[in-house]
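Subject: Structure for your files

Hello,

Here is the structure I said I would send. My notes on its packing and its aromatic rings follow below it.

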Amino acid sequence: MPTPDYMIPAVLLEPFSGITMPSLTEFISIVCQGAMIFGGVFPFIPQYLDIKKSGNADGFSTFVCLNLLVANILRIMFWFGRHFELPLLAQSIIMVFTMLALTEICVRVKHRSEILASKEHKFTDSYSAHPNNGEAPPRLNRSVSPVRKFLDFDRAYFWKWTYFTSYLQFTAVFTVVVGLMTWLFLDNMYYVETIGFLAVFAEAMLGAPQFYRNFVNKSTHGMSKKMVGMWTCGDCFKTGYFIVRQAPAQFWICGMLQVGIDISIFLQVYCYRNKAAIS
């Protein structure tokens, strides 16, 4: 029987004969893995844009970035001792670069604010020294805030350095030190399980610096509510993902702790709502 014109010859279909459409379960699995890889980054986009737009980073705690940098570097090292799913490893690598980007804009904005405040202070003092004469007031010998660097090894100004280079230096040193220790104790089960627990516990305490900052200021002004909302949704999804995919126990236990902290920050938003409105 001759092949109708509208039918594709079987010869042309042979290269595609081995290709099958993924089932619904496989499709959902792929979507969930993609959400795990990139979902952790999205909550910080509103905060990044708020800081860039306002030129003010006072409402955001940069210790959140430190927390996630430490947590994800430890998680990457944990993978070498106990392999877990690759999407979680990819998530950690992406998160490290995201936190460095967020730290960079916070440091840049704060440094710019200090310079502007110093110039304004100089102008005010100079004018008060010569209020009535028409001559240009002399420059007073006042300097900007002292430069703080990581290589000063001053604990009082840890993670409060002046330039972003110091934050990169700390990240590099921490990565090298933990990497060498992991290489030396890779066969030690207790060491591997310990860094695994420290990684997820540090991540679980992600919201703690922000919670403490809000508590001290008695205000949530300057903190992105969208960011916290995305934190909560992401952490609920992530904890469920850990349980369904049977990830190591450290992951889902600390995931539940993280959800609890997120809810506490939302309670602060409600408790300090009047103060935030006034600010």
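Two residues are in contact when they have heavy atoms within 4.5 Å of each other. The model is predicted, so please read the notes with that in mind.

Core. Leaving aside residues up to four places away in sequence, Ile51 touches Asn56, Ala57, Phe60, Leu102, Ile105, Cys106 and Val109. Ile51 is also among the residues with the most contacts inside the largest nonpolar core, together with Phe44, Phe60, Met99, Leu102, Trp231 and Phe251. That core has 54 residues. Elements giving two or more residues to it include helix 3 (44-54), helix 5 (86-129) and helix 10 (249-271). Helix 4 gives the most, with 12 residues.

Aromatic rings. The count is 16 aromatic pairs. In one of them, Phe150 and Phe170 have ring centres 6.0 Å apart and planes at 75°; planes over 60 degrees apart count as edge-to-face, so this pair is edge-to-face. Phe150 is in the loop between helix 5 and helix 6, while Phe170 is in helix 6, so the pair ties together parts 20 residues apart in sequence. Both Phe150 and Phe170 are buried. Phe170 also pairs with Trp161, in a tilted arrangement at 6.2 Å centre to centre and 45° between the planes. Trp161 is buried as well. Ring pairs join Phe150, Phe153, Phe158, Trp159, Trp161, Tyr167, Phe170 and Phe174 into a cluster.

Charges over rings. Arg148 lies over the face of Tyr157, 3.8 Å from the ring centre. Lys218 has its charged end over the ring of Phe215, at 4.0 Å from the centre.

Regards

Notes
Residues numbered from 1 in each chain as written. Predicted model: local features only at pLDDT ≥ 70, side-chain atom pairs only at ≥ 80, totals over all residues. Heavy atoms only, no water. Core = buried A, V, L, I, M, F, W, Y, C linked by side-chain atoms within 4.5 Å. Buried < 20%, exposed > 50% of the residue type's maximum accessible area, 1.4 Å probe, protein only. Helix = DSSP H or I, 4+ residues; strand = E, 2+ residues; numbered from the N terminus. Phe/Tyr/Trp six-rings, centres within 6.5 Å; stacked < 30°, edge-to-face > 60°. Lys NZ or Arg CZ within 6 Å of the ring centre and 35° of its normal.
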